[in-house]
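Hi,

Here is the structure I promised to pass on. Have a look at it first, and then read on for what turned up.

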Amino acid sequence: YWWWGTRGEASGWFPSAFVRLRVSQEDTVEDCLAALASGGSKTLRRRTSISLLSNDQVRSRVVRELINTERDFVKVLHDVSEGYLAECRRRNDMFSPEQIQTIFGNLEDILAFQSSFLEDLETKLDWDAPYKSCIGETFLKHKSGFRMYSEYCNSHPMAIATLQELYQHNNYSKFFEACRLMRGLIEIPLDGYLLTPVQRICKYPLQLAELLKYTKVNI
């Protein structure tokens, strides 16, 4: 048997007889198995399971996670746009155009961009062998579009402050709750959903770093 491993700055395949797996600098596999037997942490379980996979298997996991979380994100944007924003526009007796702009910002622009981005991302996915997927090209193609997040993130504190003022009034609280129920969303307030784009743009660098970590360089 052969294992994918690293020695110094070099990575490659090693005969299993010459390899002792290490999950981190401090923990060996034996340490992790002992910890799991005694009810170790979820983080330890994840580190152990990943360490027992080949490089290609781990990269496949990273690619699938990126695609799946992107799909979830676009769904959230759709839900907020159609379940909250559209309903607010119908109630001009409750919301002024200025209030709607303050609360939702350029969310619709982000939705249009992310929908296009996801569509291109899925065309790059090799369904039979996800580890072969070259999805970095999609990020480069759409890199200028991510700049719109600056506007959204900068205006987010004011959006939350405006929402908090409205939530002080019972009729607004009931309205937002009705929007959530009609859309069939889980019990998270609107300000929680509006935080999602901020969280997503911060997560991309982490996912790309993980992808790069398990990407082989062709020399």
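Predicted model: local features only at pLDDT ≥ 70, side-chain atom pairs only at ≥ 80, totals over all residues.

**The overall layout**

The protein chain has 219 residues, and 38% of them count as buried. Its secondary structure comes to 10 helices and two strands. If you follow the sequence, the pattern is β-β-α-α-α-α-α-α-α-α-α-α.

**Helix α3**

I'd start with α3, which runs over residues 55-90. This helix has 36 residues and spans 52 Å from its first C-alpha to its last, close to the 52 Å expected at 1.5 Å a residue. Where does α3 bend? The place is S81, and the angle there is about 30°.

V74 has a relative accessible area of 7%, so it is buried. L77, also placed in α3, is buried with a relative accessible area of 1%. The C-alpha atoms of V74 and Q114 are separated by 6.5 Å, although the two residues are 40 apart along the chain. For L77 and Q114, 37 residues apart along the chain, the C-alpha separation is 8.9 Å.

**The cysteines**

How many disulfides does the model have? The count is zero. A disulfide is a covalent bond between the sulfur atoms of two cysteines. The cut-off used for counting one is a pair of cysteine sulfur atoms within 2.5 Å. Take C179: the closest cysteine sulfur to its own is in C88, and because that is 5.8 Å away, the two are too far apart for a bond. C179 counts as buried, at 1% relative accessibility. C134 is partly exposed instead, with a relative accessible area of 47%.

**The second largest pocket**

C134 comes up again here. The second largest pocket holds about 320 Å³ of space. Its lining is made of 16 residues, and the closest to the centre are R59, S133, C134, T215 and K216. The elements that give two or more residues to this lining are α3 and α10, the latter covering residues 196-213. Sorted by class, the lining has seven nonpolar, five polar and four charged residues.

**The cavity**

Rolling a probe the size of a water molecule over the atoms shows where empty space is left. How many cavities of 30 Å³ or more were counted? There is one, and the volume of this largest cavity is about 40 Å³. It is lined by T102, I103, F104, G105, Y152, S155, H156, A159 and L194. Two elements give two or more residues to that lining, α4 (97-104) and α7 (148-167). Which of the elements gives the largest share? That is α7, with four residues. By class, the cavity lining divides into five nonpolar residues, four polar ones and no charged ones.

Cheers

Technical notes
Residues numbered from 1 in each chain as written. Heavy atoms only, no water. 1 Å grid on protein atoms, 1.4 Å probe; cavity = no way out; pocket = protein on both sides within 12 Å on 5 of 7 lines; lining within 4 Å. Points joined across faces, edges and corners; volume = space filled by probe spheres on them. Nonpolar A, V, L, I, M, F, W, Y, C, P; charged D, E, K, R; others polar. Buried < 20%, exposed > 50% of the residue type's maximum accessible area, 1.4 Å probe, protein only. Expected span 1.5 Å × (residues − 1). Bend = angle between axes of the 7 residues up to and from the residue.
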